[in-house]
Structures are given as C-alpha cells and as structure tokens.
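Please look over the structure shown here, and then read the briefing on how two of its parts meet.

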Amino acid sequence: MSGPLAPGSMIGILGTGQLGRMLALAAAPLGLRCATFGPEAEAPAHDVCAFHVCAPWEDLDAVRAFGARCDIVTLEFENVPVAVLDALAGVVPLRPGVRSLALTQDRLVEKRFVAELGLSPAPFVEVNSLADMQAGIAQLGLPAILKTRRLGYDGRGQVLLRSGDDAAAAWDAVGGAACVLEGFVGFTAETSVVLARGADGSVAAYDCPQNTHAQGILRRSTVPGPLSPDQTSQAVAAASAIAAALDHVGVLAVEFFLGTDGRLVVNEIAPRVHNSGHWTIEGAVTSQFEQHIRAVAGWPLGSTALTGAGAVMDNLIGDEAGQWLQLAAEPGAHLHLYGKSQARTGRKMGHVTRVSAPRP
Ligand code: AMP
C-alpha cells in the first residue's frame with residue numbers, strides 16, 4: 001500500500017460483531033467508510049456499515065469479491081481462518097497481516113512465541129491425551145486450568161481443576177481437543193496494554209487499566225490501573241516487543257497478570273481492538289477504534305492522553321442491558337448498546353463508561 005488512504009476510501013472488516021460496529025462508527029468522522037464480511041445474517045456491525053457481505057468463511061470466491069470492493073481489509077475477530085487471509089493476498093492490502101493471526105489463534109504457539117521473546121507466559125504444558133494431562137498436573141501442581149488451543153474466548157473452552165478434581169472429567173469436558181494445561185498464577189490484579197502500531201513502526205499505548213473478570217468474562221476496566229510507573233514501562237515494552245515481532249499494524253492488546261511477587265505474566269494476546277480498551281472512547285483523546293482505523297489507513301496515530309482523571313467501563317452482560325433507560329438518564333454515563341436482539345446469559349450486550357473529572 002502506498003501512502004495514506006484518502007477520505008472516501010472503503011475499509012473492509014472481517015467479522016461483524018460489536019468491535020466492527022465501533023470501528024465503523026469511529027471511521028465515519030474521518031470520512032472513511034466501512035463494510036463487513038461474515039457468516040451472520042444479522043449482526044451488530046451491519047447497522048452502521050456501507051454494505052455487508054453475508055457468506056461462510058469457506059466461500060473464498062465471496063471473500064475475494066469482497067476484497068475487490070475495498071481499498072484495504074482489516075479484522076475485528078482473531079479467529080478468521082488463515083485461508084481467508086491468504087485468499088486476499090494480491091487482491092487488497094491486509095492489515096494486520098497473516099502473521100498476527102497465525103501466531104495468536106493457537107494458545108500453544110502463542111505461549112512459545114511469548115517465551116521466545118524472553119517474556120513470561122503462565123507456566124504451561126502441551127496436552128494431547130489424558131496421560132499428558134496427568135504428567136502436566138504432576139509438573140505444574142493444582143489448581144491448574146485446561147484450555148483448548150483454539151477457539152476459546154471469554155472463559156469458553158476452559159476447565160479449572162482444583163485439588164481432588166478428576167482429571168479424566170476435565171479431559172472429557174474439552175472433548176479430547178488439543179489443549180494446554182496452565183499453572184494457576186497467583187495475582188493481585190489483571191491489566192492490559194492496548195497499543196497501536198503504525199506501518200512505519202510508530203507505537204502509541206494507552207494507560208493500563210485494572211481489569212476485573214467474573215466467570216472468565218471481563219466485567220470492569222478502571223483507569224488509573226494497578227501498575228507502578230516502572231511496571232507500566234515494563235508492560236508497554238513487552239507489548240511493543242510482541243507487536244514488533246508480529247510486524248503488527250493496527251491495535252493490539254496484551255493481557256497481563258500482576259503476580260503476587262510484583263512480576264508481570266503474559267496471559268493472552270489479542271491482535272485487534274479489545275474490550276479493556278472500550279473506556280478510551282470517552283476517556284482518551286483518540287479512541288482505540290479511531291486509532292486502529294488511523295493505523296491501518298496509514299494515517300498518523302492520535303494522542304492517547306486521558307481526557308479526565310480516569311475512567312471506569314462496565315460491561316452490560318445478558319439482561320443487564322435492560323437498565324438502558326436508567327443509564328441513559330444518568331448524567332455523565334456514556335451508554336453503548338450493540339444492537340443485539342437476544343440477551344443470552346454471558347453475552348456482551350453493551351457497555352457504559354463514566355469518566356472522572358480532570359484534576360483541578
Ligand atoms: P483467558 O480467556 O485465558 O483470558 O481467561 C479468562 C480469565 O480467567 C482471566 O482473565 C483470569 O481471570 C482467569 N485465568 C485464566 N488463566 C489463568 C491462570 N493461568 N491463572 C489464574 N487465572 C487465570
């Protein structure tokens with residue numbers, strides 16, 4: 001791709017969820033248009049995009065035809081099959097590139113990649129059989145978490161094993177899928193670095209929030225977060241090294257545990273905009289969504305400075321989105337609803353952000 005995308009250009013987004021919706025909403029003020037591709041007939045991004053193509057990921061002719069209608073293609077979903085990305089090669093520029101996805105779609109490959117960079121993943125063992133799992137338990141001890149290598153998110157594809165639990169039952173629960181067994185990390189807090197990397201290698205990182213989870217799902221992100229200035233520098237350096245090694249272009253998030261010993265342990269890499277960055281829509285000068293659009297469009301990155309003293313973002317999960325009228329009436333509460341028609345348990349339906357006033 002030569003030079004920045006001109007206003008009026010079309011950005012194709014692979015995936016049709018709320019992240020795609022918020023990307024398209026952020027592109028509009030810059031005069032850039034978005035389209036989405038995905039298998040869902042109804043989806044959050046459809047309402048706000050110039051057009052959408054509804055086709056299965058396996059339909060590579062539809063993928064190529066979609067790419068041909070766009071000036072650049074990006075993604076909001078990290079499990080886009082690599083074959084889809086390969087199909088777009090030579091049709092349209094793709095940002096981020098295949099490497100960002102190939103290395104992060106498989107937990108085992110991702111953890112080895114993190115360790116090879118000299119960073120600390122949670123202790124892990126590859127598990128392909130019940131015998132591997134028993135050997136892993138002997139090595140790592142309990143509690144431990146069995147995680148499928150592929151397609152896990154929001155705590156899905158994970159089984160927590162406590163002392164006395166039956167290893168065979170956990171192995172059955174994941175259906176014998178290829179897994180990693182992870183040692184349980186004792187932590188005082190969870191945090192994340194959300195950063196953008198431009199095609200020229202420039203990097204802009206946001207403040208690191210404190211992230212609290214329940215049942216494996218993010219509930220709240222709070223800024224300022226739990227890290228000291230030194231720990232912040234270490235976390236941002238680690239995430240920047242990951243982004244550079246992936247030659248990533250766009251926003252990328254790295255989730256960390258702050259260990260009880262004060263060390264940072266890498267939990268997970270997301271090669272896309274991230275739930276723990278939603279607070280930036282109102283809490284930072286440039287939102288993570290605008291920043292991603294700027295990065296993939298070859299525009300200069302925007303300021304990541306806080307607009308106030310900090311922000312608190314709460315996810316609205318399942319029927320919590322039913323509080324929309326009270327939240328809309330609350331002064332200073334920024335309500336975001338994703339347009340999903342069914343409020344299933346555990347489903348992210350929206351979020352609300354409250355920004356605290358600037359320091360006097
Ligand atoms: P994940 O989907 O792997 O990010 O896991 C979801 C959540 O489960 C994390 O944010 C943690 O709260 C918890 N968790 C996952 N892995 C571990 C671990 N190895 N040690 C302690 N807690 C974990």
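Predicted model: local features only at pLDDT ≥ 70, side-chain atom pairs only at ≥ 80, totals over all residues.

Residues are numbered from 1 along each chain as its sequence is written, and side-chain values use heavy atoms, with hydrogens and water left out.

**Domains**
- The chain is divided into domain 1 (10-94), domain 2 (123-183) and domain 3 (187-356), with bounds that come from an automatic or database domain assignment.
- Between the C-alpha centres of domain 1 and domain 3 the distance is 22 Å, and their contact (heavy atoms within 4.5 Å) takes 19 residues from domain 1 and 21 residues from domain 3.

**Buried area**
- Domain 1 and domain 3 bury about 1,700 Å² between them, and 73% of this lies on carbon and sulfur atoms; buried area is the accessible area (1.4 Å probe) that two parts lose on being put together, summed over both.

**Salt bridge**
- The count between domain 1 and domain 3 is one salt bridge, a term for a side-chain nitrogen of Lys or Arg within 4 Å of a carboxyl oxygen of Asp or Glu.
- The side chains of Arg272 and Glu78 form a salt bridge, with 2.6 Å from N to O.

**Elements on the domain 1 side**
- Two or more residues each are given to the side of domain 1 that touches domain 3 by α1 (18-27) and β4 (72-75), where helices (H or I, at least four residues) and strands (E, at least two) are DSSP runs, numbered from the N terminus.
- On that side of domain 1, α1 gives the most, with seven residues.
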